[in-house]
Amino acid sequence: MPPFGIYVHVPFCAARCGYCDFNTYTASELAGSGASPDGWLAAVRQELDLAVRTVGRRPVDTVFVGGGTPSLIGAGRLGEVLAAVRDAFGLAPGAEVTTESNPESTSPEFFAELAAAGFTRVSLGMQSAAPHVLRVLERRHTPGRAVAAAREARAAGIGHVNLDLIYATPGETDDDLRASLDAVLDAGVDHVSAYSLIVEDGTALARRVARGELPAPDDDVAAARYELIDDRLTAAGFDWYEVSNWASSPGAVCRHNIGYWRDGDWWGLGPGAHSHLAGVRWWNVKHPARYAALLGEGESPEADRELLTGAERHTERVMLQLRLASGLPLALLDGPGAAAATRAADDGLLDPPALAAGRAVLTRRGRLLADRVVQQLVAAASV
């Protein structure tokens, strides 16, 4: 059976960042709805009961608590979530257990409680070390807090620590990014994620761009910044294993996300969470109060679902596996798709030696144009 993961969505945030379009809510947005962290936790326990009845007892290989701001609900509740997963399904030997955290809502005591509860990995949102970049993103933490939090997590015994960066923010310079990378490496983390800023519709950032207050991110600038990141991390001993992720050793790779990219199975707990089992995908209602009410009434919180066709599953496999450094087995492509892969290698987008060995692996230029390569492979196969 493929690896089985549990994703837990914490929908609470102290404030909404200007670029964020995730399913999150501040206290003022939830006022009067009856939603609360304790009500959320009770509902998650009820959904876990539903998951066990549906899946059966299947040891969990990875747990990932995301959000939102998981650290906002405290280490005690996060420990209760993990204990509930352990009681419901059991954890596989060596299971990876991750939580995202906002640097401002963490402390040495917080990380010590996480380690004692069984968390093995922490992912911290740093975004940038430049104060003016954080202001554009409307992040509340101070530039040095993310580095301090990463050190506290390692000192508490958390085995793997990730820092997230966002690059190509309006107003960011190459020197700003270099300073951010220096800070990341100085923090002693073993994993780095870096994402180009995307202006999502409906966000405060999108409204500022539409009003002309900020320029839209520039694709050429983003490409140059990606190369700067890759050069700096590679020189420091990190290897890319997915287009936006670098690890200092094979053991530092985020196994939960690898499960997504390799078409694994996972159950998503919490409001708005998505699940996938054997080609069936479904997602929960978004609002925390509605989510809790449905489960409290003994109903499923599912909002909708889809059964992926063979063609859709093939497209997803190409799209996701091609993003990995291990690449895509050419056996997954038909004749036209393999011919398109050969043309992509001729264009410098796929690695020729890897292609000769039976795998489609992106070059660095190919990583910058990964979506285009996917379109070429899929379009050729569908002709």
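This note sets out numbered points on the fold, the strand pairing, the aromatic pairs, a helix face and the backbone of the structure above.

1. Basis. This is a predicted model, in which local features need pLDDT of at least 70 and side-chain atom pairs count only at pLDDT 80 or more, whereas totals for chains, interfaces and linings use all residues. Residues are numbered from 1 along each chain as its sequence is written, and side-chain values use heavy atoms, with hydrogens and water left out.

2. Overall form. The chain holds 16 helices and 14 strands, where helices (H or I, at least four residues) and strands (E, at least two) are DSSP runs numbered from the N terminus. For 383 residues a compact globule would have a radius of gyration near 21 Å, and the chain agrees with this at 21 Å; the radius is taken over C-alpha atoms, and the globule rule is 2.2 Å times the number of residues to the power 0.38. Along the principal axes, the C-alpha atoms fill a box of roughly 60 × 45 × 45 Å.

3. Among contacts with a separation of 6 or more, 71% are between residues 24 or more positions apart, contact being defined as heavy atoms within 4.5 Å.

4. Strands around S6. Strand S5 (residues 160-167) and strand S6 (residues 191-196) run parallel and are joined by six bridges, with Leu163 standing opposite Val192 in S6; strands are said to pair if DSSP finds at least two bridges between them. Together with helix H7 (residues 174-186), S5 and S6 make a right-handed β-α-β unit, the hand being right if, with the strands pointing away from the viewer, the path from the first strand over the helix to the second runs clockwise. S6 is also joined, by three bridges, to strand S8 (residues 245-247), and these two run antiparallel; here His191 has Ala247 in S8 as its bridge partner.

5. Aromatic pairs. Rings of Phe, Tyr and Trp (its six-membered ring) pair if their centres lie within 6.5 Å, with planes under 30 degrees apart counted as stacked, over 60 as edge-to-face and the rest as tilted; by this rule there are eight aromatic pairs. One of them joins Tyr260 and Trp266 edge-to-face, at 4.6 Å centre to centre and 70 degrees between the planes; Tyr260 is partly exposed at 23% relative accessibility, whereas Trp266 is buried at 13%. Trp267 and Trp282 form another edge-to-face pair, at 5.0 Å centre to centre and 75 degrees between the planes. This second pair links distant parts of the chain, since Trp267 lies in strand S9 (residues 265-269) and Trp282 in strand S11 (residues 280-284), 15 residues apart. Trp267 is buried, with a relative accessible area of 3%, and Trp282 is buried with 6%.

6. Helix H11. The buried residues of helix H11 (residues 288-296) are Pro288, Tyr291, Leu294 and Leu295. Seen down the axis of H11, these buried residues fall within an arc of 135 degrees, so they line one face of the helix; the arc is that of the directions from the helix axis to the C-beta atoms. They pack against H1, helix H2 (37-55), S9 and S11. Just after H11, Gly298 takes a positive phi of about 80 degrees.

7. A cis peptide bond, with omega of about 20 degrees, joins Gly67 and Gly68, and Gly68 lies in the loop between S2 and H3. Thr69 is found in the loop between strand S2 (60-67) and helix H3 (74-88), and Thr69 is buried with a relative accessible area of 9%. Leaving aside neighbours within four places in sequence, Thr69 is in contact with Val10, Phe12, Cys13, Asn102 and Ser105.

8. Most residues other than glycine have a negative phi, and most peptide bonds are trans. Gln127, which is not a glycine, has a positive phi of about 70 degrees; Gln127 is placed in strand S4 (residues 121-127) and is buried at 6% relative accessibility. Ala168 likewise has a positive phi, near 70 degrees, and sits in the loop between S5 and H7, where Ala168 counts as buried at 5% relative accessibility.

Methods: Buried means under 20% relative accessible area, exposed over 50%, partly exposed in between (1.4 Å probe, protein chains only).
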